[in-house]
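Here's a quick briefing to read with the model open. Take a look at the fold, then work through the notes by topic.

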Amino acid sequence: MIKKGIAGVVAAAGLLFAASVSLLARPAGDATAGKDTYMKKCKTCHAEDGHGNDGMAKLLKTTIPPLDGSEVQKMSDADLKKIIVEGKGKMKPVKTVSGSAVDDVIGYVRSLKK
């Protein structure tokens, strides 16, 4: 009887672990809502396709990495959120995007992955 109890606990722990891994693997936010926000707030610099606006990059004397490339896609959602909220390098914080809209934009960026 003790073996069945231990087996049940182990099975339950396995199911909880599997569920938590699948939740971690899900992209943040709603990609559809994120696309709308992206088109309004991000495409000026990052271009409609996420490959970067060459004219803006030249004006700012910087490079804009493609959002579907490995450099961006390997970042954690927390890293992307920090960049959107706090800025990085020549990219200023996007103060007009906050709360769940940030998660939605991250979801959209994740949907661009090659």
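What does the accessible surface of the protein come to, and what share of it belongs to carbon and sulfur atoms? It comes to about 8,000 Å², with 63% belonging to carbon and sulfur atoms; the areas are Shrake-Rupley values with a 1.4 Å probe, and for residues only the protein chains shown count as cover.

Keep in mind that this is a predicted model: local features need pLDDT of at least 70, side-chain atom pairs count only at pLDDT 80 or more, and totals for chains, interfaces and linings use all residues. Residues are numbered from 1 along each chain as its sequence is written, and side-chain values use heavy atoms, with hydrogens and water left out.

**Overall picture**

- The protein has 7 helices and 0 strands, taking helices as DSSP runs of H or I with at least four residues and strands as E runs of at least two, numbered from the N terminus.
- Read from the N terminus, the order of elements is simply α-α-α-α-α-α-α.
- Of the 114 residues, 29% are buried (buried is under 20% relative accessible area, exposed is over 50%, and partly exposed is in between, with a 1.4 Å probe and protein chains only).
- If you take the contacts (heavy atoms within 4.5 Å) between residues at least 6 apart in sequence, 53% of them join residues at least 24 apart.

**Nonpolar core**

- The largest nonpolar core holds 17 residues, and Leu-67, Ile-84, Val-105 and Ile-106 touch the most other members. A core here is a set of buried Ala, Val, Leu, Ile, Met, Phe, Trp, Tyr and Cys residues joined through side-chain atoms within 4.5 Å.
- Helices α6 and α7 each supply at least two residues of this core, and α7 gives the most, with 5 residues.
- Setting aside neighbours within four places in sequence, Ile-84 is in contact with Met-91, Pro-93, Val-94, Val-102, Val-105 and Ile-106.

**Salt bridges**

- The whole structure has 4 salt bridges, each being a side-chain nitrogen of Lys or Arg within 4 Å of a carboxyl oxygen of Asp or Glu.
- Arg-110 pairs with Asp-77, with the closest N and O atoms 2.8 Å apart. This one links distant parts of the chain: Arg-110 sits in helix α7 (residues 100–111) and Asp-77 in helix α6 (residues 77–86), 33 residues apart.
- Arg-110 is buried at 16% relative accessible area, whereas Asp-77 is partly exposed at 27%.
- Lys-81 and Asp-103 meet in another bridge, at 3.5 Å from N to O. Again distant parts of the chain are linked, with Lys-81 in α6 and Asp-103 in α7, 22 residues apart.
- Both partners count as partly exposed, Lys-81 at 34% and Asp-103 at 25%.
- Glu-48 and Lys-43 form a bridge as well, with the closest N and O atoms 4.0 Å apart; Glu-48 is exposed at 52%, and Lys-43 is partly exposed at 35%.

**Helix α2 and its two sides**

- Which residues of helix α2 (residues 31–41) are buried? They are Gly-34, Thr-37 and Tyr-38.
- Those residues lie on the same side of α2 because they cover an arc of only 105° around the axis, judged by the directions from the helix axis to the C-beta atoms.
- At the start of α2, a side-chain oxygen of Asp-30 reaches to within 2.9 Å of the backbone nitrogen of Thr-32.

- Lys-41 is in helix α2 and is partly exposed at 41% relative accessibility. Beyond its neighbours within four places in sequence, Lys-41 is in contact with Val-94, Thr-96 and Val-97.
- Asp-104, in helix α7, is buried at 15% relative accessible area. Not counting residues up to four places away in sequence, Asp-104 touches Gly-29, Asp-30, Ala-31, Ala-33 and Gly-34.

Notes
Polar contact = N/O pair within 3.5 Å; in protein donor to acceptor, adjacent residues only side chain to side chain.
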